[in-house]
Amino acid sequence: MDKDLIIDVSDSGVEIALLEDKQLVEFYQEKADKHHLVGDVYLGIVKKIMPSLNAAFIDIGHEKEGFLHYLDLGLKFRSLSKFTRNAINSNADTNIKEPNLEKNGQISNVLKQGQIILVQITKEAISTKGPRLSGEISFAGRYVVLVPLAKTITISKKIKDITERDRLKRLISSIKSENSGIIIRTTAEGKSVAELDADLQDLQGKWDSLKNKLSKTLPPAKLISEVDKSTAILRDFFTDEFSNIYVNDQETYDDLKQYLRNIYPEKESILKQYKQTTPIFESFGIANQVRGSFGKVVTVRSGIYIVIEQTEAMCVIDVNSGNKIKDTHNQDENLFGVNCEAAVAIARQLRLRDIGGIIVIDFIDMTSLEHRRQLYQLMEAEMHKDRARHTILPLSKFGLMQITRQRVKPVLDVNVTEVCPMCEGTGKVRASLSIISDIENDIKYLVQEQNEKQLTLIAHPFVCAYLTKGLFSSVKKQWKKKYGTKISIEKSDVVGLFEYQFLNSNKELIKL
């Protein structure tokens, strides 16, 4: 499978498209005035304690206060809290060993109103909710995740080989600092100690930078920013399967080249700067795919279409056969085929729009239990490509499939519509015959008040057809006789249905 990453940088922001075999499967937008928030570390102030929720609201300088639940404080929160106080007071002591938090404790026993704490954003603000916060600070790299003050080493469960797990644990133990914990990511498998150490030192530099800023910062304030979106995508899911990376901006190209040189020097050659005059998304066919993939109704190539309704609490998806079912002799197989094609399209839509939360899919009813089982297995296989955590339930007796998918940021909503030029967004247009009355009134004014002896009317083809209908009794003939002037009519495809223009005898435009 070919994987291509296309990055479009413009004054309005950055758009990133991930293609698999030339098909758009993931799409990201980052506006120029909106930073990628997840991973940013803030020095915040506790504004309100909510014992009933066992949570607190934290002022981090945003419009909406962040939400911090007790379970998100982290076991080492007492150590982190003491470290924060020491750093603010310019105390260099970092060897802190405070008792771990109780798993079922109360937040009112840990935090107080007005307390200054370190927090990290784990989910962006969604709808009316502020960002979700964590009191367990971590810095993600290509191969490892640094968790300050934790001291433990954890290895990704996806690394199955016991020998490799032991090797990685030995290597990390030899290079990590005493007062930090490490999570070894799946991408670390097979990597040398030099590669792991370079990644770890980069993360350690972020932590050292944060420590230096604490004594000079007044809360609420941002201390550390996550990397930009394009670099974060390379960090999180860049693999050997990537064939090409195209970017149309020199500065971004230089940043990505340096990043690849550090983490994946053997793949540096796949990064290419796009310099053609045709917009990069048009050149790779992404613009057309975006226009066809977003919106309420999404059509699958075979004629099947799915309807996606997004609400505050959940997303509901309805499957429709369209003109797909023609063979009436084997309806069961036809319905199963429709549902299978829809399942593939839906799994792609969930990734493409980054839909999270509760998702309910209304498949077309099938009587065969075997078909229902196979459809569930197909959806599991398609969703296996999705990096977001998710859970899929088998079809219910009503033909409904329920999916929960990790929600980290708002659903991507690309506007593929525009305001109707006829109704200007009201949904209502003028009565069709009113345009005829307007034209006649203008002719009367031009003849009687402006003494025009010859007029040429330029109008929409529909209007022209109406005015010239009938050899002897057309509206045009009636006007000519009524006003005693020569009237010519010319149709134009570029003139709107309710638009028209007049030219005088010299073919000059008359301004009304």
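The model is predicted, so local features need pLDDT of at least 70 and side-chain atom pairs count only at pLDDT 80 or more, while totals for chains, interfaces and linings use all residues. Residues are numbered from 1 along each chain as its sequence is written, and side-chain values use heavy atoms, leaving out hydrogens and water.

In soluble globular proteins, nonpolar side chains tend to be buried together. A nonpolar core is a set of buried Ala, Val, Leu, Ile, Met, Phe, Trp, Tyr and Cys residues joined through side-chain atoms within 4.5 Å; buried means under 20% relative accessible area, exposed over 50%, and partly exposed in between (1.4 Å probe, protein chains only). The largest core here has 48 residues, and Leu118, Phe139 and Leu210 touch the most other members. Apart from it lies another core, of 32 residues, including Cys340 and Tyr376.

Charged side chains make their own links. There are 17 salt bridges in the structure, each a side-chain nitrogen of Lys or Arg within 4 Å of a carboxyl oxygen of Asp or Glu. One of them joins Glu164 to Arg167, at 2.9 Å from N to O. Glu164 is buried, at 12% relative accessible area, whereas Arg167 is partly exposed, at 23%. Another salt bridge pairs Lys257 with Glu268, their closest N and O atoms being 3.2 Å apart. Here Glu268 counts as buried at 15% relative accessibility, and Lys257 as partly exposed at 22%. Lys482 pairs with Glu440, with 2.9 Å between the closest N and O atoms; Lys482 is exposed, at 56%.
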